[in-house]
Amino acid sequence: KFELRRLCRVVNATPLARVGAPTPEEAGFVDIFETVEIGGDRVTVLRQLLPGEPGFDPTSHGEKTRTATIVLGATSNHLDDLERAIDDGVNVIKSLMKDARLVPGAGASELELAKRIEVYGSGLKGLAQHAVKKFASSLENALGGAEGNEVLSRLWAKHEKKGGEAWGVDIEEETDGTLQADQHKIYDSLAAKSWAIRLATEAANSVLSVDSIIMSKPAGGPKVPQQAGNWDEDD
């Protein structure tokens with residue numbers, strides 16, 4: 001589906017859901033249709049002429065600004081890691097184009113949110129207070145790791161001070177395991193962060209709403225018939 005959409009954008013074509021001959025306007029057009037070799041593999045390339053190339057038509061409506069990223073690696077695992085890294089980077093850019101707001105990263109936002117929820121829960125009574133404080137403590141799980149308790153104690157102390165909202169975890173542990181995320185240019189997308197917390201909360205609510213547990217049957221084949229009590233070794 002996505003490859004078809006990209007191809008239609010390049011050749012200025014229209015995806016059709018009917019069976020029949022397309023009209024000239026729906027068929028689209030392409031300036032160059034060629035086969036090239038990239039990294040030992042032969043690939044088919046469809047593209048429009050760029051300004052300055054022979055035969056370029058400035059009145060052409062085909063898309064000119066398409067970028068292809070070619071990734072080469074020694075092993076398939078290395079290629080998979082590179083593909084995931086590129087995909088994450090592209091998704092971050094797409095998210096920022098929709099919502100450009102950022103929050104401090106390195107776990108600073110989670111800890112500040114946990115602190116404020118803890119303060120809010122302290123003003124409640126009964127089971128509501130217990131539930132709200134447990135929700136606040138669950139946000140601290142993002143700050144786990146080696147010597148997590150010591151680093152967490154330092155972060156709590158720094159977040160209690162005025163202007164300490166941006167203190168997060170220093171995974172390289174250059175000092176005491178903490179750093180100011182805004183000074184190190186470590187940020188997270190607000191949209192991605194809010195959706196992650198929202199989906200995690202919905203998953204927890206779904207688990208808590210289950211009031212019965214389905215027991216699975218023991219695996220295995222048919223039961224072996226038991227021998228009668230009057231059988232001897234010769235039977």
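Student: Is K193 buried or exposed?
Tutor: This is a predicted model, where local features need pLDDT of at least 70, side-chain atom pairs count only at pLDDT 80 or more, and totals for chains, interfaces and linings use all residues. Residues are numbered from 1 along each chain as its sequence is written, and side-chain values use heavy atoms, leaving out hydrogens and water. Buried means under 20% relative accessible area, exposed over 50%, and partly exposed in between (1.4 Å probe, protein chains only). K193 has a relative accessible area of 17%, so the word is buried.

Student: Which residues join K193 in one salt-bridge network?
Tutor: A salt bridge here is a side-chain nitrogen of Lys or Arg within 4 Å of a carboxyl oxygen of Asp or Glu. K193 meets E110 at 2.6 Å, N to O, and D188 meets K193 at 2.9 Å. Those bridges share partners, and the network joins K193 with E110 and D188.

Student: How far apart are the closest N and O atoms of R84 and D81?
Tutor: R84 and D81 are three residues apart in helix α3, so about one helical turn separates them. (Helices are DSSP runs of H or I, at least four residues, numbered from the N terminus.) They form a salt bridge, and the distance is 2.3 Å.

Notes
Helices (H or I, at least four residues) and strands (E, at least two) are DSSP runs, numbered from the N terminus.
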